[in-house]
Amino acid sequence: MTNDPLAGVLDDARALLPDAVQLRRRIHRRPEVGLRLPRTQETVLAAIDDLGLKVSTGREVDSVVAVLEGDRPGGTVLLRGDMDGLPLQEDSGEEFAAEKPGTMHACGHDTHVAMLAGAARLLAGRRGSIAGRVVLMFQPGEEGYHGARYMLDEGLLDAAGTPVDAAYALHITTNHPSGTLHVRPGPLMASSDVLDVTVRGAGAHASSPHDGVDPITIACEIVTAMQNYVTRRVDIFDPAVVTIAQITAGTTNNIIPETARLYGTIRTLSEGNQRTVKEGLTRLAQGIAAAHGATAEVEIGSGYPPTVNDAGAAEAVLATGTELIGPDAVSLLKNPVMGAEDWSYVLQRVPGAMAFLGGCPPELTPATAPGNHSNKVRFHEDAMAVGIATYAGLALRHLGA
């Protein structure tokens, strides 16, 4: 007899893998985008229906929240799996590829759902050793729709009737070998805000630019100045990335237009820098435009905050992963990732962490495998056993099982 709460967890997860693979493939074939995922929600509800959980669904979004009660009193831990796909034509070649053209599970959220449902089943079989409650968060709308924020507004953290002590999420990626875990304390992922600048000048014939105010040259100057701003006004140890991904102006080759539009993103690793960079870029664009006799309308849409891992929660991921799969398969990430995640909203409210689960197909390498959000991305399904075990292991460790 052992008091180790993680004893046998990986073996149990491997036994659940075939069912998890089938669930993942059902969801993969029918991806849905955004906050309303009725078929995915129905599939999740069916997958956990026999586990004796307290289940509720969202009002404004198609979320599922399920609470597993342990046999003894104790704390509350939250585990999250996001459910939505992307508006992308799938070219992965998988036999279970999306049936509907133009939508795809290109970020692995189908595996997240399957792993979380598998962990729910594993934990349900160990109720006798659980002191407290596990909140299972099946979330829509991660891909730019702020789904986590909607769920928080609808009472996610009150679902168990007691405060949530810790929260954990996994994200599969082809950037790491299959079945490995990777985490870091502090900033893990960046904020992401949409930058939209319209420069208004005055139109003229191309042969007489002095008769107008050319918004295109002004816009180009603004783009260059934004890069200088990042390298000269932003602390290199609290970095920012500003990308102008689209410039739109003009209708033909011999007319200077009245307007030029710049469209891109701002990414930072701290909320303070997020605010500072927004203010700085607004001031810069408007100042350059004014210097040339033009105006600049700057709109910055509020995107996701930085995803910042609690140090203790990150350590729990490392310790859990080390015990489950060994120290050689677990790493402490040196650098953050400049992509964004709405898991950040949960971590603003609850100490917790997100970790990356390696899912690179074994016949490829992380350097050659198509990455998340690629129309050709494929994930190694065997990695889901490690994901199931990690979800369950974090809950069991936290609840003193």
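Trainee: I clicked on Cys220; is this residue buried, partly exposed or exposed?
Mentor: Think of how much of a residue's surface a probe can reach: buried is under 20% relative accessible area, exposed is over 50%, and partly exposed lies in between (1.4 Å probe, protein chains only). Cys220 has 40%, so this cysteine is partly exposed.

Trainee: Anything to know before we go on?
Mentor: The model is predicted, so local features need pLDDT of at least 70 and side-chain atom pairs pLDDT 80 or more, while totals for chains, interfaces and linings use all residues. Residues are numbered from 1 along each chain as its sequence is written, and side-chain values use heavy atoms, leaving out hydrogens and water.

Trainee: How many disulfides does a search of the whole structure find?
Mentor: A disulfide is a covalent bond between the sulfur atoms of two cysteines. The test is a pair of cysteine sulfur atoms within 2.5 Å, and the search comes back with zero. Take Cys360: its nearest cysteine sulfur belongs to Cys107, 15 Å away. Cys360 is also buried, at 3% relative accessible area.

Trainee: How many helices and strands does the chain have?
Mentor: Helices (H or I, at least four residues) and strands (E, at least two) are DSSP runs, numbered from the N terminus. Here the chain has nine helices and 16 strands.

Trainee: What is the radius of gyration of the chain?
Mentor: It's taken over C-alpha atoms, and the globule rule is 2.2 Å times the number of residues to the power 0.38. For 401 residues, a compact globule would come out near 21 Å; this chain has 24 Å, which agrees. The C-alpha atoms fill a box of roughly 85 × 40 × 40 Å along the principal axes, and 55% of the 401 residues are buried.

Trainee: What percentage of contacts join residues at least 24 apart?
Mentor: Contact means heavy atoms within 4.5 Å. Among contacts between residues at least 6 apart in sequence, 81% join residues at least 24 apart.
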